Amino acid sequence: MNAVTNGHGGNASARVSFSRLVAYSTLQLPLAMAALPVVLNVSHFYGGVLKLSLEIMGPIFIIASIVDAIQDPVIGLLSDRFTRRGNRGRLLFVGLMTPLLAAGFYMIFDPPDAWFGNQTLMAVWLMAALLLVHLGYSGVSISYHAHGAELTDDYNERTKVTVGREVFGMLGFAVAVVLPTVLTSRQLFGDIQGYAVLGLLFLPIIIVFSAPTLFFAGPSVHRPVVHKGNPLLAFFAPLKNRLFRRLLAALGLVLLPALAMAQAWPSKPIHFVTLFVPGSTGDLTCRIIAQGMAKSLGQPVIVDNLAGEIGRAHV
């Protein structure tokens with residue numbers, strides 16, 4: 001393999017050693033472990049266990065998702081700027097955001113006991129916890145995955161990096177599925193204490209599995225990212241497109257009646273449409289999420305696999 005020297009003092013096509021590959025990949029385990037319970041268990045915990053009204057939870061989840069969508073490009077910009085701090089600058093940013101992820105995850109599953117039964121206080125706690133965990137998760141994952149793409153420019157080596165990361169991701173998904181079920185069982189801690197223990201256990205797990213990535217993962221082989229002009233202006237560029245503005249207006253019109261009907265929804269089985277092939281990792285993840293949705297919403301959730309061009313046409 002020909003080694004191409006970059007301007008950062010490294011080889012763009014350098015081989016990623018097995019030890020560096022494992023060190024980089026370990027962080028994906030707590031990332032995957034954090035993602036699934038936030039999607040799968042939070043609605044059940046707050047709605048089914050803590051009895052927070054679904055009319056309140058719906059807007060909270062929508063607001064948190066909107067904020068998450070807005071903050072992602074800003075986080076990407078900040079991650080790019082950290083590349084000027086050396087060839088491990090993105091990992092420095094990951095290290096700064098990891099405590100936010102850990103604190104947000106613990107906070108979301110261990111609300112103050114004194115606030116139980118108070119709809120207003122629990123809504124405020126849930127909103128704050130979701131915003132914090134989304135900020136931490138986005139901050140860690142965006143910079144972490146960007147650094148992985150910069151470990152090498154060789155196609156085969158990048159494939160190895162992706163595979164290594166996905167292996168630890170699948171382990172994280174497995175932990176996220178098994179651990180809440182075991183901890184919240186009546187034979188062990190029950191719902192409220194079980195979720196609190198889940199949040200507590202996440203703290204040492206993220207410390208142990210983030211340390212190899214932060215200290216021993218390979219450096220970036222790319223030069224620092226330099227944006228020309230004001231990069232924030234590019235965020236508003238789609239608004240210049242008339243069709244895009246119409247799409248936003250249409251989404252707003254759809255959202256208003258959806259919020260108005262939140263109390264009555266769902267009144268019939270839900271179809272979960274996915275483009276993943278049956279039996280794939282993505283399909284398995286969708287089915288796990290569908291099971292949690294069915295438990296929280298009280299309606300069957302049917303996974304429809306519409307893979308390929310036919311599926312895209314349906315969607």
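Accessible areas here come from the Shrake-Rupley method with a 1.4 Å probe. On that basis, the accessible surface of the chain comes to about 17,000 Å², and 67% of this belongs to carbon and sulfur atoms. The model is predicted. The chain has 315 residues, of which 39% count as buried. It contains 12 helices and two strands.

**Overall layout**

- Read from the N terminus, the elements run α-α-α-α-α-α-α-α-α-α-β-α-β-α.
- Among contacts in the chain with a separation of 6 or more, 79% are made by residues 24 or more positions apart.

**Nonpolar core**

- The largest nonpolar core has 62 residues.
- The residues with the most contacts inside this core are Tyr46, Leu101, Phe105, Ile108, Phe109 and Leu126.
- Leaving aside neighbours within four places in sequence, Phe109 is in contact with Pro37, Asn41, Val42 and Phe45, and also with Tyr195, Ala196, Leu198 and Gly199.

**Nonpolar surface patch**

- A nonpolar patch on the surface is formed by Phe236, Leu239, Phe244, Leu247, Leu248 and Leu251.
- Together these residues have about 540 Å² of accessible area.
- Leu239, one of the patch residues, is found in the loop between α9 (231-235) and α10 (242-260).
- Leu239 has a relative accessible area of 37%, so it is classed as partly exposed.

**Helix α1**

- The buried residues in α1 are Leu21, Ala23, Tyr24 and Ser25.
- These buried residues pack against α2, α6, α7 and α8.

**Helix α7**

- Helix α7 has 29 residues, which at 1.5 Å a residue should span 42 Å; its end C-alpha atoms are 42 Å apart, so the two values agree.
- Buried residues in α7 are Glu157, Val161, Gly164, Arg165, Phe168, Gly169, Gly172, Ala176, Pro180 and Leu183.
- The cover over the buried residues of α7 includes α1 (18-25), α2 (28-40), α6 (119-149) and α8 (191-216).

**Arg165 and His145**

- Arg165 has its place in helix α7, while His145 is found in helix α6.
- The relative accessible area of Arg165 is 11%, under the 20% limit, and Arg165 is therefore buried.
- His145, at 30% relative accessibility, counts as partly exposed.
- Arg165 and His145 are 20 residues apart in sequence, and their C-alpha atoms are 9.3 Å apart in space.
- Not counting residues up to four places away in sequence, Arg165 touches Tyr24, Ser25, Gln28, Tyr144, His145 and Gly148.
- His145 and Tyr24 are 121 residues apart in sequence and 9.9 Å apart from C-alpha to C-alpha.

**Salt bridges**

- The count of salt bridges comes to four.
- Arg90 and Asp80 meet through their side chains in a salt bridge, at 2.9 Å from N to O.
- This pair links distant parts of the chain, with Arg90 in helix α5 (residues 89-109) and Asp80 in helix α4 (residues 54-82), 10 residues apart.
- Arg90 and Asp80 are both buried.
- A network of salt bridges links Asp80, Arg90 and Glu150.
- The side chains of Arg158 and Asp153 form another salt bridge, at 3.1 Å from N to O.
- Arg158 is partly exposed at 31% relative accessibility, and Asp153 is partly exposed with a relative accessible area of 38%.
- Lys160 and Glu157 also meet in a salt bridge between side chains, at 3.4 Å from N to O.
- Lys160 and Glu157 are separated by about one helical turn, because they are three residues apart in helix α7 (residues 155-183).
- An α-helix has 3.6 residues a turn, so residues three or four places apart point the same way.
- Lys160 is partly exposed, with a relative accessible area of 29%, whereas Glu157 is buried, with a relative accessible area of 7%.

How values were computed. Residues numbered from 1 in each chain as written. Predicted model: local features only at pLDDT ≥ 70, side-chain atom pairs only at ≥ 80, totals over all residues. Heavy atoms only, no water. Core = buried A, V, L, I, M, F, W, Y, C linked by side-chain atoms within 4.5 Å. Buried < 20%, exposed > 50% of the residue type's maximum accessible area, 1.4 Å probe, protein only. Contact = heavy atoms within 4.5 Å. Patch = residues over 30% accessible without salt bridge, like charges linked within 9 Å, V, L, I, M, F, W, Y side chains within 5 Å. Helix = DSSP H or I, 4+ residues; strand = E, 2+ residues; numbered from the N terminus. Expected span 1.5 Å × (residues − 1).
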